[in-house]
Amino acid sequence: MSTESTAKTDTHLSQHLQELVLNSTDVGEFLDGLARLSSSSLSTPGDEVLTGITLLRHKRSATVASSSEDAQAMDEIQYAFGDGPCMTASREQVNVLVADLQTEERWPQYTTAVLQLGVRSILAVPFHLQEDTKAALNLYSHRPGRFDEKSVELVEQFVRQTSLGLMLAVRFTHLAETADNLKAALVSRTDIDVAVGIIMAQNRCSQESAVEILKTASSTRNIKLRDVAAGIVTSLDQGPAKTFYED
């Protein structure tokens, strides 16, 4: 491939990544787009490569994206067994190459199941992200020996080019989740504060005593404190308590 052609390809890829980051509403949508982009970029005429992406985030279940229903089926098999080349690549941050599944001795149950779908070779390459987030690009082929040394280098280059986009998508999603969690916490705090005020008025007691009454009700009923508080507020038939935010 010529330098000019490579430059055009890199520019085309960068434009697609920018559009994905800007237009995706969450990390799942970004991953789906990236999986399809990976398949179209790494396949050749008459030799399709199916792709999937495994994303592991701290204290969260794995997020999976696939370029097609066939690729999704193979990823779901892996998660059903809880292990496989793609999970290994994500967790250990190493390339995992399966030249021919018929001679592969690792992950025997997974291998048997995937062979039934006609897959013969797999390549999983990790993305280089930050903090506790780990991910890998998973490539599947219906012919053995599909991923030679040159193919591995090409995929590694693709992963390097797309890692920043994935990193940004994960970061944006984290910020959005943090904002949502903060908003939910403020709403819960409002319910609790209003409920404490109601208890103080009804029982003519101090704020400290009202809080203890609320905690006792939560413990006795085995219901979360915020849910007990919300129940007290709505029992007045004035609707739920509202949390006000300044612009």
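Visitor: Ile53, buried or exposed?
Guide: Ile53 has 0% relative accessibility and therefore counts as buried (under 20% relative accessible area, 1.4 Å probe, protein chains only). Ile53 is found in strand S1; strands are DSSP runs of E, at least two residues, and helices are runs of H or I, at least four, both numbered from the N terminus.

Visitor: What sort of model is it, and how are residues numbered?
Guide: This is a predicted model, where local features need pLDDT of at least 70, side-chain atom pairs count only at pLDDT 80 or more, and totals for chains, interfaces and linings use all residues. Residues are numbered from 1 along each chain as its sequence is written, and side-chain values use heavy atoms, with hydrogens and water left out.

Visitor: Now helices. How do H3 and H5 cross?
Guide: The axes of H3 (residues 69–81) and H5 (residues 108–115) come within 10 Å and cross at roughly 155°; each axis is a line fitted to C-alpha atoms over the stretch in contact, and angles run from 0 to 180 degrees between N-to-C directions. The two helices are therefore roughly antiparallel (over 145 degrees).

Visitor: Which residues make that contact?
Guide: H3 supplies Met74, Ile77, Gln78 and Phe81, and H5 supplies Gln109, Tyr110, Ala113 and Val114; contact means heavy atoms within 4.5 Å.

Visitor: How many of those are nonpolar, polar or charged?
Guide: Six are nonpolar, two are polar and none is charged.

Visitor: And H4, what does its buried part pack against?
Guide: Six of the eight residues of H4 (residues 85–92) are buried, so H4 is largely enclosed by the rest of the structure. Those six are Pro85, Cys86, Met87, Thr88, Ala89 and Ser90. The buried residues pack against S1 (50–56), H3, S3, H5, S4 and S5. Just after H4, Gln93 takes a positive phi of about 55°.

Visitor: Which residues are on each side of S4?
Guide: Ser121, Leu123 and Val125 lie on one side, with Ile122, Ala124 and Pro126 on the other, and all are buried. In a regular strand, side chains alternate between the two faces of the sheet.

Visitor: What are the strand partners of S4?
Guide: S3 (residues 96–98) is joined to S4 by three bridges and runs antiparallel to S4; strands pair if DSSP finds at least two bridges between them. Val98 has Ile122 of S4 as its bridge partner. S4 also pairs with S5 (residues 134–141) in the antiparallel sense, over six bridges, where Leu137 is the bridge partner of Val125.

Conventions
Angles under 35 degrees count as roughly parallel, over 145 as roughly antiparallel, 65 to 115 as roughly perpendicular and the rest as oblique. Ala, Val, Leu, Ile, Met, Phe, Trp, Tyr, Cys and Pro count as nonpolar, Asp, Glu, Lys and Arg as charged, and the others, Gly among them, as polar. Buried means under 20% relative accessible area, exposed over 50%, partly exposed in between (1.4 Å probe, protein chains only).
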